[in-house]
Amino acid sequence: MRLYHGSNAAVIQPLVAKGRPMLDFGQGFYLTSYQEQAANWARRRALRAGGSPMLNVYEFDNRAEGLRVLEFGDNDAAWVEFVCACRRGGTGFRDYDLIVGGVADDKVFAAVDFYARGLWGMEQTLEALRYYRRNDQYCIVSQWVVDERLKFMGLEEVRP
């Protein structure tokens, strides 16, 4: 399966431990199957940290065999609760090698944040989420998965 990681540099051998904590699915190495989504991440990273936006391209062996996988098919109540827990510093993500699901990007995050702060109930949050286009993200939590199942295929420069 082809996956992408947007950055301001080549990431030939990703290190899970270098991932930022308190993201949607906790600390890990994040990828997406959507090339344009990764390109947008690359542009944001380059704006914040300097450098040129780069699209890292990988081939991922996603056989479930031997993997502890948590997959969210929809941005449902379980997804909202998991994202909120991870963004608060929860460590439940460590129970998995790979977590797959929707992205709490800027628009989606606003709805999730209203829920997390107690301003909205779950029903109102889920209703709001129905109107947003769902992108995906793959968070590799365990380094052995990167080492054994993720192969760097190349690098493409992204137009600013």
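This is a predicted model: local features need pLDDT of at least 70, side-chain atom pairs count only at pLDDT 80 or more; totals for chains, interfaces and linings use all residues.
L126 is partly exposed, with a relative accessible area of 26% (buried means under 20% relative accessible area, exposed over 50%, and partly exposed in between, with a 1.4 Å probe and protein chains only). Residues are numbered from 1 along each chain as its sequence is written, and side-chain values use heavy atoms, with hydrogens and water left out. Helices (H or I, at least four residues) and strands (E, at least two) are DSSP runs, numbered from the N terminus.

- Apart from neighbours within four places in sequence, L126 is in contact with N75, D76, A77 and V80 (contact means heavy atoms within 4.5 Å).
- A distance of 17 Å separates the C-alpha atoms of L126 and A85, which are 41 residues apart along the chain.
- In α4, the residues M122, T125, A128 and L129 are buried.
- Seen down the axis of α4, these buried residues fall within an arc of 125 degrees, so they line one face of the helix (the arc is that of the directions from the helix axis to the C-beta atoms).
- The buried residues of α4 pack against α2 and α3.

**Nonpolar cores**

- The largest nonpolar core has 23 residues, of which F25, F72, W79, V80, F82 and I99 touch the most other members (a nonpolar core is a set of buried Ala, Val, Leu, Ile, Met, Phe, Trp, Tyr and Cys residues joined through side-chain atoms within 4.5 Å).
- Helices α2 (77-87), α3 and α4 (122-129) each supply at least two residues of this core, and α2 gives the most, with 6 residues.
- V80 touches Y115, M122, T125, L126 and L129, not counting residues up to four places away in sequence.
- A second, separate core of 15 residues includes L3, V16, L31 and L150.

**Largest pocket**

- The largest pocket has a volume of about 1300 Å³; a pocket is an open set of points on a 1 Å grid over the protein atoms alone, where a 1.4 Å probe fits, with protein on both sides within 12 Å along at least five of seven lines.
- Grid points are joined across faces, edges and corners, and a volume is the space filled by probe spheres set on the points.
- The pocket is lined by 34 residues, and the closest to its centre are H5, G6, R20, L23 and W41 (lining residues have an atom within 4 Å of a point).
- β1 (2-7), β2 (29-31), α1 (35-49) and α3 (106-116) each supply at least two residues of this lining, and α1 gives the most, with 7 residues.
- The lining divides into 12 nonpolar, 11 polar and 11 charged residues (Ala, Val, Leu, Ile, Met, Phe, Trp, Tyr, Cys and Pro count as nonpolar, Asp, Glu, Lys and Arg as charged, and the others, Gly among them, as polar).

- P53 lies in the loop between α1 and β3 (54-60) and is buried, with a relative accessible area of 8%.
- Leaving aside neighbours within four places in sequence, P53 is in contact with S7, A42, R43, A46, E156, E157 and V158.
- The C-alpha atoms of P53 and T125 are separated by 33 Å, the two residues being 72 residues apart along the chain.
- M22 is found in the loop between β1 and β2 and counts as partly exposed, at 46% relative accessibility.
- Phi of M22 is near 65 degrees, a positive value in a residue other than glycine.
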